[in-house]
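User: I'd like to go through this model one question at a time. Could you help me read it?

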Amino acid sequence: MKEDLYNLAQEHLVRYGGDVFPTLFTSAKGTIVKDSQGREYLDFTSGQMCATIGHNHPAIVDAVHRAGEKAFHFFSGMIPEVVAELAQTLARDWLPGDLKRSIFINTGSEASEVALRMAKMYTGGFEILALGGSWHGITGGASAVSMASDRKGYGVPVSGIYVIPEPNAYRPYIDKATEEEAALANLDLALKMFDMQSTGRGAAIIVEPVVSAGGVLVPPKAFMQALRKAADDRGMLLIFDEAQTAFGRIGTRTGAEYFGVVPDIMTMSKTLGGGLPVAAVSTTAKIEDDIHSKKFAFYTSHVSDPLAAEVGLAVLNVIQRESLVARANVMGTYLRGRLEELQQRYEAIGDIRGLGLLLGVELVTDRTSRTPAHQLGALTTQKCFERGLSMNIRRRPERGSVWRIAPPLTVSTEEIDRAVDILDRSLRDSLD
Ligand code: PMP
């Protein structure tokens with residue numbers, strides 16, 4: 001029967017990209033996901049980076065029940081009480097500066113579309129600066145500012161997009177004495193190029209505070225501050241895409257808090273839903289008043305859904321109640337230490353980086369040449385899976401093979417030890 005279902009899936013599902021595991025999955029709880037053979041896997045990817053408070057946390061299950069007793073959905077013109085509550089909670093407890101007005105939708109891609117539309121309407125411009133290794137979503141506008149490789153084959157590209165090289169201390173585009181100098185020199189050159197080509201109608205600079213899919217790259221703080229200034233100097237808005245960095249994963253409430261930079265618009269998704277589709281975009285009253293006067297619109301079928309807001313509120317409460325922001329630092333330090341022990345034994349581990357529980361481990365053939373070890377990464381990831389550890393490897397042909405290691409913030413030291421042991425044995429096997 002289970003075998004049949006796997007075959008049925010092969011027959012009837014569109015293959016939507018990415019690596020697919022050779023089994024079907026049935027349930028998830030905390031850090032553990034289970035397949036239809038009853039095998040358990042440690043989930044060190046938090047699903048799609050969403051299950052930050054652990055899979056199927058009882059508070060989320062309760063929130064869904066609560067929505068079921070009240071309402072899942074209304075007409076978009078009927079603002080649910082719980083949406084007002086979530087908007088207030090975000091503004092009061094979580095967001096920096098004067099980001100006080102929010103809209104609630106469902107996915108990170110939608111959130112990027114909202115942010116870009118806001119910026120274009122507010123500024124009257126259309127030019128967007130984005131980092132080369134970024135990911136902001138799969139829909140039209142969002143994919144236009146994401147990694148180019150995912151835009152091939154889908155027709156005419158969106159115009160007005162300018163790509164800045166992402167800072168990468170391990171593989172700098174321009175080599176300088178320090179990481180910060182290299183990042184700033186890159187930016188300086190990129191901005192000069194932009195200014196030469198720009199029509200003067202800039203709308204926004206959009207960045208992930210940590211370039212995650214692009215290889216878990218943490219820019220120097222001075223780089224983010226320089227981006228803030230670059231946006232201000234050109235009358236453009238600064239957008240932070242905090243799909244992954246918001247609400248604790250990197251050990252601060254938001255990426256903005258870590259960098260000490262307040263963006264004009266912030267997008268939040270993955271973490272906010274804890275595994276359910278919940279996303280938000282927040283901006284200032286000044287920007288919101290302006291675009292409202294210009295008839296800003298984003299009424300999707302599920303805008304302001306009470307189900308999503310009930311879940312979002314529950315997730316934020318759990319993060320606060322269980323002190324998960326602080327826990328990300330404690331567990332992140334522990335996990336990093338364990339990975340550094342492996343690095344001492346394996347030449348192939350070229351670099352370990354990241355913040356809190358968003359860590360990147362870059363694999364190389366040797367530390368002198370830093371040649372990306374793509375095959376080793378793929379093989380070891382497969383061996384980890386066979387031993388009960390789910391890992392995600394980010395492969396960019398020209399840049400490197402990087403494991404993004406991001407378990408739920410509720411992960412225990414015992415689970416980390418088990419995962420590192422599996423990683424150790426799988427690496428050893430693959431290198432044999
Ligand atoms: N922004 C970032 C930083 C992301 O990581 C993602 C998802 N990988 C998105 C946006 C898009 O979100 P979604 O897949 O929910 O549309």
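**Residues, helices and the ligand**

User: Is Ser304 buried or exposed?

Analyst: Around Ser304 there are 24 other C-beta atoms within 10 Å. A residue is buried when 20 or more other C-beta atoms, placed from the backbone, lie within 10 Å of its own, exposed at 12 or fewer, and partly exposed in between. So Ser304 counts as buried.

User: What should I know about the model itself?

Analyst: This is a predicted model, where local features need pLDDT of at least 70, side-chain atom pairs count only at pLDDT 80 or more, and totals for chains, interfaces and linings use all residues. Residue numbers start from 1 along each chain as its sequence is written.

User: Where is Ser304, and what is its phi?

Analyst: Ser304 sits in the loop between helix H11 (285-293) and H12. Helices (H or I, at least four residues) and strands (E, at least two) are DSSP runs, numbered from the N terminus. Ser304 isn't a glycine, yet its phi is positive, near 60°.

User: Why does Glu340 count as exposed?

Analyst: Glu340 belongs to helix H13 (residues 324-345). Its C-alpha atom is 9.7 Å from that of Val361, which is 21 residues away along the chain. Glu340 counts as exposed because its C-beta neighbours inside 10 Å number 12.

User: Which helix do the buried residues of H3 pack against?

Analyst: In H3 (residues 58-70), the buried residues are Ile60, Ala63 and Ala67. They cover an arc of only 55° around the axis (from the directions to the C-beta atoms), so they sit on the same side of H3. The other side has exposed residues, including Pro58, His65 and Glu69. The buried ones pack against helix H12 (306-321).

User: How far does H14 reach, from its first C-alpha to its last?

Analyst: H14 (residues 374-386) has 13 residues, with an expected span of 18 Å at 1.5 Å a residue, taken as 1.5 Å times one less than the residue count. The reach in this model is close to that, at 19 Å.

User: Which residues are buried in H14, and what phi does Gly388 take?

Analyst: The buried residues of H14 are Gly377, Thr380, Thr381 and Cys384. They fall within an arc of 105° seen down the axis, so they line one face of the helix. Among the elements covering them are strand E12 (358-363) and helix H15 (413-431). Just after H14, Gly388 takes a positive phi of about 100°.

User: Which helix gives the largest share of the shell around the ligand?

Analyst: The ligand is surrounded by 14 residues, where near means a C-beta atom, placed from the backbone, within 6 Å. Thr107, Gly108, Ser109, Gly137 and Ala243 are the closest. The largest share, 3 residues, comes from helix H5 (residues 108-123).

User: How many helices and strands does the protein chain have, and what percentage of its residues count as buried?

Analyst: The protein chain has 15 helices and 15 strands. Along its principal axes, the C-alpha trace spans about 65 × 60 × 45 Å. Of its 432 residues, the share that counts as buried is 49%.

Terms used
Two residues are in contact if their C-beta atoms, placed from the backbone, lie within 7 Å.
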